[in-house]
Amino acid sequence: MALGESCPAEFSARTVYSGPESLMRRRLGRECLYVPSCRFGLYLALRHWCPPGGRVLMSPVNDDVIFFVVLAAGLRPVQAPLRPYDGSIDLDRVPDSDWRGLSAVLTTNLYGNPDPAPELRARCDRLGIPLIEDAAHAIGSVVGGRPVGGFGDASVFSLSKHVGAKTGGFLAVADPALRTELALARDELLQPSRLRAELAYAVRPYAEAGVRGLRLVRAARAALRVLGQEEREAIRMPLRAGDLKQALAGEPGLSGFHSWVRVDMHDYRLRPGRTRLRRTERLLSGLDARLEAHRAGTRRLLDTVWGGGARDGAEVQPLFRVPLLVEDRDAAVAALARRRITTGYLYDPPLDTYAGEVFTDLSPHPAPAAWFARHALPADPRRADEIIRVLTASGARPAVWDGRG
């Protein structure tokens, strides 16, 4: 088959996904492959670029689903030290012993704050290993004039975050010649679309609007828990160490780790129907306006006492959430909840504390990550003015890093 020539099955899929893919390709300047979720795209990338049994450097302040995706790919997570004020990888504190034997580096770009991608790219080039960018929170973030997702061998994006599609994502690749191979691998892993799932997706925005209008959010979340559609009762899902050991003893793959990887998104590997794709394309076409709203709110939040002085002078990114640093985060979350402002995307405790050394290599400098995870309050920049008023009225005090954690 000639380079760039698609087989009939891949051509058909490419035609179906062509609208969203072309929009993202123009934005990023890279070949983009539509995937049903960011976690699915990350799994696809890890399986392609990393040998089974390899070690992957990653952030300990991240969604636990991503941790389980790394395990499902047959890889060993290695937790990196972080900077205390923004949760990005602290490149200078990664010891040489951790660099040796790595199969890849996985960035997080937490809440949209960029990891040091140019420096990580240079280090990966010296080591001869791939850089994979998780840009789920960072679809509009920029480093040195280049978009996040434009540095790695591969990068994954979520359309559930800034875009608000609640489905879908992209796997972007530096080498366009890999498109056909990756598309075939994607299609082999996808599960058939289900009419019930498509109908649920179609009515979900209207149901959510009705729930908000009737002020039934708490009751709706309780109902979802009863139905098994909301599986977290705490910030982290239950680790289930015994079950996890059994899964790791078997063959790598999504099937063995499905009960962990599906949490919060049971449709993560379903083939999308046309309803999803049409809504995704419509929402993606309005992304620039959303990014400007996020950037404006980010600027206001970073200018507060909780914004973190270490970021003064940095380029303002259109953050998905702004990690305000609050001394008593639980009290602040409660104050916001009383005004119907829900706080999500908390990642506490760090993954090495959550999973332990049986399942991951521990961070050599855990205190900054633990401090950040304990004090970070992810604030929606679109509600910046409301959040500032509530935190001010509640007397929330800023958290200050003392160098000890």
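Buried means under 20% relative accessible area. The model is predicted. This report looks at its aromatic rings.

**Aromatic pairs**

The count comes to 10 aromatic pairs. One of them joins Y34 and F170. Their ring centres are 5.9 Å apart and their planes stand at 85°, so the pair is edge-to-face. Y34 belongs to strand β1 (residues 31-35), while F170 belongs to strand β9 (residues 169-173), so the pair ties together parts that are 136 residues apart in sequence. Y34 and F170 are both buried.

F68 and Y354 also form an edge-to-face aromatic pair. F68 sits in helix α3 (residues 64-72) and Y354 in helix α14 (residues 351-355). This pair links distant parts of the chain, 286 residues apart.

| Pair | Centre to centre | Angle between planes |
|---|---|---|
| Y34 and F170 | 5.9 Å | 85° |
| F68 and Y354 | 6.4 Å | 80° |

**A cluster and its charged neighbours**

Where do F68 and Y354 belong beyond their pair? They are part of one aromatic cluster, together with F67, F257 and W260.

Which charged residues sit over rings of Y354 and W260? R236 places its charged end over the ring of Y354, 5.5 Å from the ring centre. R240 lies over the face of W260, at 4.2 Å from the ring centre.

Terms used
Residues are numbered from 1 along each chain as its sequence is written. This is a predicted model: local features need pLDDT of at least 70, side-chain atom pairs count only at pLDDT 80 or more; totals for chains, interfaces and linings use all residues. Side-chain values use heavy atoms; hydrogens and water are left out. Rings of Phe, Tyr and Trp (its six-membered ring) pair if their centres lie within 6.5 Å; planes under 30 degrees apart count as stacked, over 60 as edge-to-face and the rest as tilted. Helices (H or I, at least four residues) and strands (E, at least two) are DSSP runs, numbered from the N terminus. Buried means under 20% relative accessible area, exposed over 50%, partly exposed in between (1.4 Å probe, protein chains only). A charge sits over a ring if NZ of Lys or CZ of Arg is within 6 Å of the ring centre and within 35 degrees of the ring normal.
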